[in-house]
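Below, each one is set against its cut-off.

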Amino acid sequence: MKRIITITCLLLLCSAAIAQEPAEKKKLPFDLGVDLMSRFVWRGQCISKNPNIQPYFVYAPKFGLKVGAWGSYSVTGDYAEVDLYAAYGYKGFSITATDYFVMNESLANNHFFDCKNASTGHLLEGMLTYEGPAKFPIKVTAASMFWGADRLPDKMIVDTVLSDTTYTYKNAYSTYFELGYTIRNISLFIGVTPMEGFYGSKAGIVNAGISAKKNIKITDSFSLPIQAALITNPQKQNIFLVFGFTF
């Protein structure tokens with residue numbers, strides 16, 4: 001707990017110092033920041049039970065293009081993830097390609113530059129999103145994993161001589177749909193999966209809840225954005241209350 005408090009204080013001091021610096025005359029097409037979350041919950045799945053530091057970096061030139069990197073690191077050191085993505089948006093619609101990579105030093109074949117579909121630790125996903133106008137702030141998301149570590153057992157191979165059983169695997173093509181609606185600083189959302197895969201053992205609702213954001217005034221020139229979310233996963237009978245800061 002002392003470690004978490006120390007990290008939070010340091011991030012607050014750095015953010016306040018940056019906020020008080022004079023603005024540049026010409027704004028560069030870069031954005032960066034970091035979230036400190038009480039735990040890492042994504043699409044109804046508890047990825048890490050411990051507090052996570054989640055930095056991000058985005059390069060957004062003209063014409064609706066965005067290229068960025070996002071990471072999540074447990075403060076206890078037991079989880080590390082780095083995701084690279086590219087997105088293009090036009091009139092409320094956006095299409096995104098994401099490369100998810102979870103670092104696991106206990107796995108012999110968990111190498112970043114392993115690009116063999118049967119053994120890679122990478123997971124590629126394509127996502128289509130629509131965000132409505134301010135008068136109808138709806139958000140619709142459709143995402144599907146199409147290559148890499150998203151695998152399910154395919155065939156069982158029995159070696160009668162060695163009395164050993166092994167499996168071959170196939171891509172699961174885990175798919176996720178989400179519908180969200182925002183009212184001021186409060187968002188309602190519900191997510192479903194149509195098949196067995198990463199999100200659940202069968203089709204059903206895997207993510208539903210409510211989230212909220214608020215700015216806490218620290219000084220005249222700096223406010224601290226905070227967020228909280230109540231998340232349920234009906235298929236797994238789970239519920240999470242997640243809280244975080246954005247710097």
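Q: Which residues do ring pairs link into a cluster?
A: The model is a predicted one. In it, the cluster holds Trp42, Tyr100, Tyr176, Phe198 and Tyr199, linked by ring pairs.

Q: How many aromatic pairs does the count come to?
A: The count comes to 15.

Q: Why is the pair of Phe93 and Tyr130 called tilted?
A: The ring centres of Phe93 and Tyr130 are 4.7 Å apart, and the cut-off for a pair is 6.5 Å. So the two rings pair. Their planes stand at 45°. Stacked needs under 30 degrees and edge-to-face needs over 60.

Q: Why do Phe93 and Tyr130 count as partly exposed?
A: Phe93 has a relative accessible area of 45%. Tyr130 has 27%. Buried means under 20% and exposed means over 50%. Both values fall in between, so both residues are partly exposed.

Q: What makes the pair of Phe112 and Phe113 edge-to-face?
A: The angle between the planes is 85°, and edge-to-face requires over 60. The centres of Phe112 and Phe113 are 5.1 Å apart, within the 6.5 Å limit.

Q: Why is Phe113 called exposed, and what is Phe112 called?
A: Phe113 has 74% relative accessibility. Exposed means over 50%, so Phe113 qualifies. Phe112 has a relative accessible area of 33% and is partly exposed.

Q: How do you know that strands β13 and β14 pair?
A: Eight bridges join β13 (residues 186-193) to β14 (residues 204-219). Pairing needs at least two, so the strands pair. They run antiparallel. Ser187 has Ser211 in β14 as its bridge partner.

Q: What makes β14 and β15 a pair, and what joins them?
A: Eleven bridges connect β14 to β15 (residues 222-233), in the antiparallel sense. The threshold is at least two bridges. Ala212 has Ala228 in β15 as its bridge partner. A hairpin through two residues joins β14 to β15.

Q: Why is Cys115 called exposed and Cys46 partly exposed?
A: Cys115 has a relative accessible area of 59%. The cut-off is over 50%, so Cys115 is exposed. Cys46 has 29%. That falls between 20% and 50%, so Cys46 is partly exposed.

Conventions. Residues are numbered from 1 along each chain as its sequence is written. This is a predicted model: local features need pLDDT of at least 70, side-chain atom pairs count only at pLDDT 80 or more; totals for chains, interfaces and linings use all residues. Side-chain values use heavy atoms; hydrogens and water are left out. Rings of Phe, Tyr and Trp (its six-membered ring) pair if their centres lie within 6.5 Å; planes under 30 degrees apart count as stacked, over 60 as edge-to-face and the rest as tilted. Buried means under 20% relative accessible area, exposed over 50%, partly exposed in between (1.4 Å probe, protein chains only). Helices (H or I, at least four residues) and strands (E, at least two) are DSSP runs, numbered from the N terminus.
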